[in-house]
Amino acid sequence: MTTTRLPRKATVLLAGLVLAALAGCGSADKEPTEALGSAEPARQPVKAVPAVPPGLAGMPPLLDPNDVYAADRPNRLSPVVKDFPSRVYVPNTTSNTVSVIDPATYKVIDTIPVGIQPQHVVPSWDMKTLWVNNNRGHTLTPINPATGEAGQPVEVHDPYNLYFTPNGKYAVVMASMDRELVFRDAHTMNRVKTVPVSCFGVNHADFSADGRYFIVSCEFSGELLKVDTERMEVVAQQKLPFEGAMPQDVKVSPDGRTFYVADMMAHGMWVLSGDKFDVPKLLPTGKGTHGLYVSRDSREMYISNRGEGSISVFDFKQNKLTKKWELPDGGSPDMGGVSADGKVLWLSGRYNSEVYAIDTVTGRQLAKIPVGGGPHGLAVYPQPGRYSLGHTGIFR
């Protein structure tokens with residue numbers, strides 16, 4: 001075998017390189033290299049991948065990704081509201097007052113003068129204030145739920161209804177007659193952006209589970225809008241497939257996949273995918289379907305049928321109506337909310353100047369309470385939850 005010898009200079013140079021490499025392996029100020037035969041491969045630089053936010057920027061994450069109402073369990077009151085007295089605030093549209101009911105006695109204990117044509121009593125996003133929407137008075141009257149006292153009205157044009165973006169940044173005024181969605185600062189109520197709409201009678205809404213969009217009902221033209229929350233723009237619009245449709249309240253399912261829209265002329269609720277914003281299907285419930293309220297265990301939804309004096313009960317898991325409760329003297333059950341313990345459904349009697357308290361287990365009417373004229377969007381307060389999305393109390 002022939003052996004090839006390296007020149008002396010090359011041998012010296014190679015030895016130097018080997019020594020330098022060995023010295024580098026023990027250097028304290030340099031990244032150690034992987035040894036030959038190591039079980040793990042040499043680490044490669046990791047390219048940073050921007051994280052995709054789980055929801056609307058600044059929105060508190062859901063307690064349970066499979067249940068948007070997980071924070072609304074019985075008596076789970078936030079420290080912000082836990083010391084507020086339990087009351088039912090009833091806006092009387094034709095009396096220009098708010099009746100205050102003590103739910104323990106079923107008695108009206110106070111009557112608060114407010115602006116012209118109050119439509120809804122709306123908890124603020126931070127839950128510290130109740131805003132009375134004086135639709136034709138073009139003001140919001142703040143009520144301190146700790147004391148029950150009204151403050152100085154704030155000028156806001158055409159506030160038929162009021163919502164708050166899930167991150168607490170903006171209030172969204174449903175300016176029904178102005179045909180506008182008006183985004184305002186959630187605290188000062190200063191106007192930030194006005195979004196004109198082509199439909200008539202924007203009135204109710206609810207947000208997707210991630211808060212990135214909300215669906216709005218247009219009562220007088222029978223349409224639905226899909227609105228991008230962050231961009232503050234209408235991104236889709238559709239006409240309901242029913243001649244003379246008058247959509248009212250809107251609620252999202254606990255799993256966030258389905259939206260329900262009450263319709264007082266179609267006598268039922270429309271069911272559709274919010275993400276797809278597809279053609280909705282009608283589920284008949286009763287004459288004059290109006291309000292939608294989720295139970296404290298997220299299993300059922302109470303549906304007020306204003307035109308026939310009844311409440312239908314929808315089971316989310318079974319995806320069907322399971323019960324119907326008839327008010328003993330009829331009436332016009334409209335808007336309201338569920339008590340903090342989940343045991344009582346409170347509804348205004350729009351055309352009967354009364355309020356109904358209904359047992360959520362048996363459907364029995366517990367009380368019928370006389371109030372002012374045209375009682376509408378009453379608020380039960382306080383309620384469980386971490387923050388309010390508006391209306392008469394949509395909590396997350």
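Me: How many cavities of 30 Å³ or more does a search of the whole structure find?
Reply: This is a predicted model. The search covers the whole structure and takes cavities of 30 Å³ or more. The number found is one.

Me: How much space lies in the largest cavity?
Reply: The closest residues to the centre of this cavity are Asp72, Val294, Arg296, Gln383 and Gly393. They belong to a lining of 15 residues. The space inside is about 180 Å³.

Me: By class, how many residues in the lining of the largest cavity are charged?
Reply: Six lining residues are nonpolar. Another six are polar. The charged residues number three.

Me: Is aspartate 334 buried or exposed?
Reply: Aspartate 334 is found in strand 25, which spans residues 333–338. Its relative accessibility is 0%. The cut-off for burial is under 20%. Aspartate 334 therefore counts as buried.

Me: Which side chain makes a polar contact with the side chain of aspartate 334?
Reply: Beyond four places in sequence, aspartate 334 touches His290, Gly291, Tyr293, Ser304, Arg306, Leu347, Ser348, Arg350 and His376. The polar contact between side chains is 2.6 Å. The partner is arginine 306.

Me: Is histidine 391 buried or exposed?
Reply: Histidine 391 is found in the segment after strand 29, residues 379–381. Its relative accessible area is 1%. Burial needs a value under 20%. Histidine 391 is therefore buried.

Me: Which side chain does a polar contact of 3.1 Å join to that of histidine 391?
Reply: Contacts of histidine 391 beyond four places in sequence include His120, Val121, Asn161, Tyr163, His204, Asp249 and Met335. A polar contact of 3.1 Å links two side chains here. The partner of histidine 391 is asparagine 161.

Me: What share of the residues in the protein chain is buried?
Reply: The chain has one helix and 29 strands. Its accessible surface comes to about 18,300 Å², with 55% belonging to carbon and sulfur atoms. Of its 396 residues, the buried share is 54%.

Definitions and conventions. Residues are numbered from 1 along each chain as its sequence is written. This is a predicted model: local features need pLDDT of at least 70, side-chain atom pairs count only at pLDDT 80 or more; totals for chains, interfaces and linings use all residues. Side-chain values use heavy atoms; hydrogens and water are left out. Helices (H or I, at least four residues) and strands (E, at least two) are DSSP runs, numbered from the N terminus. Buried means under 20% relative accessible area, exposed over 50%, partly exposed in between (1.4 Å probe, protein chains only). A polar contact is a pair of N or O atoms within 3.5 Å; within protein, one must be able to donate a hydrogen and the other to accept it, and residues adjacent in sequence count only if both atoms are side-chain atoms. Contact means heavy atoms within 4.5 Å. On a 1 Å grid over the protein atoms alone, a cavity is a set of points where a 1.4 Å probe fits but cannot get out, and a pocket is an open set with protein on both sides within 12 Å along at least five of seven lines; lining residues have an atom within 4 Å of a point. Grid points are joined across faces, edges and corners, and a volume is the space filled by probe spheres set on the points. Ala, Val, Leu, Ile, Met, Phe, Trp, Tyr, Cys and Pro count as nonpolar, Asp, Glu, Lys and Arg as charged, and the others, Gly among them, as polar. Accessible areas come from the Shrake-Rupley method with a 1.4 Å probe; for residues, only the protein chains shown count as cover.
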